Amino acid sequence: MISFTVTAVVFGVVFLAELPDKTALAGLVLGTRYRASYVFAGVAAAFALHVALAVAAGSVLTLLPQQIVHALTGVLFLGGAAVLLMKKDEDEEEIRRPENQSFWKVAGAGFMLILVAEFGDLTQIMTANLAARYDDPLSVGLGAVLALWAVAGLGIVGGKALMKRVPLRLITKVAALLMLALGVWSLWEAVAG
């Protein structure tokens with residue numbers, strides 16, 4: 001059974017954390033050069049794989065005592081908030097252009113770019129933390145993958161327009177504050193429980 005509350009919380013946290021990430025900019029660059037649907041297919045597949053790995057890792061954490069899980073996720077969320085607050089604006093990365101516009105070349109380029117760039121990324125670690133925190137892998141996985149796909153879609157189709165209207169620093173600070181709140185809440189539960 002899917003919890004819409006957990007899915008919505010995970011979607012919001014992961015969406016805000018991923019918006020200022022370099023992969024949104026990479027999706028924007030790929031989307032301006034190639035057919036958007038081909039780019040999205042590759043990027044979406046890579047994000048689905050990353051979420052599956054993160055949820056599996058988070059599910060293993062649920063085997064530990066609850067107080068340890070809350071303390072661990074609290075520290076990791078606080079660390080994630082610190083990373084977001086301290087990171088500098090990222091420039092667009094140079095992306096190799098596939099030799100032709102075939103589906104497999106373009107989708108493969110998007111898949112490989114995200115697969116490499118996102119491995120061990122903050123949002124993957126956050127997804128593992130959320131899976132451990134809520135002990136609801138399906139809801140967490142659904143919220144995370146939908147958030148990542150939404151950011152990828154925005155980046156591919158209209159990222160430049162969004163970034164002109166909403167300052168990247170504001171998005172980063174909102175994501176950091178959400179992570180800070182989740183970290184404090186998890187630590188409080190570890191101490192109180």
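Reader: How much accessible surface does the protein chain have, and what share belongs to carbon and sulfur atoms?

Author: The model is a predicted one. The protein chain has an accessible surface of about 9700 Å², and carbon and sulfur atoms account for 69% of that area.

Reader: Which secondary structure elements does the protein chain contain?

Author: There are eight helices and zero strands. Followed along the sequence, the pattern reads α-α-α-α-α-α-α-α. Contacts can then be sorted by how far apart the partners lie in sequence. Among contacts between residues at least 6 apart, 93% join residues at least 24 apart.

Reader: Which residues of α1 are buried?

Author: The buried residues in α1 are Val6, Thr7, Val10, Val13, Val14, Phe15, Leu16, Ala17 and Glu18. Let us take two of them in turn. Val6, in helix α1, has a relative accessibility of 11% and therefore counts as buried, since the limit is under 20%. Leaving aside residues up to four places away in sequence, Val6 touches Tyr134, Asp136, Ser139 and Val140. The C-alpha atoms of Val6 and Pro137 are separated by 9.9 Å, although these residues are 131 residues apart along the chain.

Reader: And which residues does Thr7 touch, not counting residues up to four places away in sequence?

Author: Thr7 also belongs to helix α1 and is buried, at 10% relative accessible area. With those sequence neighbours left out, Thr7 touches Ile2, Ser139, Leu142 and Gly143.

Reader: Which residues touch the most other members of the largest nonpolar core?

Author: This core has 32 residues, and Val10, Val14, Val39 and Val140 touch the most other members. Helices α1, α3 (36–61), α5 (103–118), α6 and α7 (137–165) each contribute at least two residues to the core. The largest share, eight residues, comes from α7. As for Val10, its contacts beyond four places in sequence are with Phe15, Leu130, Val140, Gly143 and Ala144.

Reader: Is Gln124 buried or exposed?

Author: Gln124, which is found in helix α6, has a relative accessibility of 12% and so counts as buried. Apart from residues up to four places away in sequence, Gln124 touches His50, Leu53, Ala54, Glu118 and Phe119.

Reader: How many salt bridges does a search of the whole structure find?

Author: The search finds one. The side chains of Glu189 and Arg133 form it, with a distance of 2.7 Å from N to O. Because Glu189 lies in helix α8 (residues 168–192) and Arg133 in helix α6 (residues 122–134), the pair ties together parts that are 56 residues apart in sequence. Glu189 is partly exposed, at 22% relative accessible area, whereas Arg133 counts as buried, at 8%.

Reader: Which residues make the nonpolar surface patch?

Author: The patch, of about 380 Å², is made by Leu64, Ile68, Leu72, Leu76 and Ile125. Helix α4 (residues 66–86) gives the most to this patch, with three residues. Leu72, situated in helix α4, has a relative accessibility of 34% and so counts as partly exposed.

Reader: Finally, what is the value of phi for Asp135, and where is this residue placed?

Author: Phi of Asp135 is near 50°, which is a positive value in a residue other than glycine. Asp135 is placed in the loop between α6 and α7. At 53% relative accessibility, Asp135 counts as exposed, because that word applies to values over 50%.

How values were computed:
Residues numbered from 1 in each chain as written. Predicted model: local features only at pLDDT ≥ 70, side-chain atom pairs only at ≥ 80, totals over all residues. Heavy atoms only, no water. Buried < 20%, exposed > 50% of the residue type's maximum accessible area, 1.4 Å probe, protein only. Helix = DSSP H or I, 4+ residues; strand = E, 2+ residues; numbered from the N terminus. Salt bridge = Lys/Arg side-chain N within 4 Å of Asp/Glu carboxyl O. Patch = residues over 30% accessible without salt bridge, like charges linked within 9 Å, V, L, I, M, F, W, Y side chains within 5 Å. Areas by Shrake-Rupley, 256 points an atom, 1.4 Å probe, with all protein chains shown as cover. Core = buried A, V, L, I, M, F, W, Y, C linked by side-chain atoms within 4.5 Å. Contact = heavy atoms within 4.5 Å.
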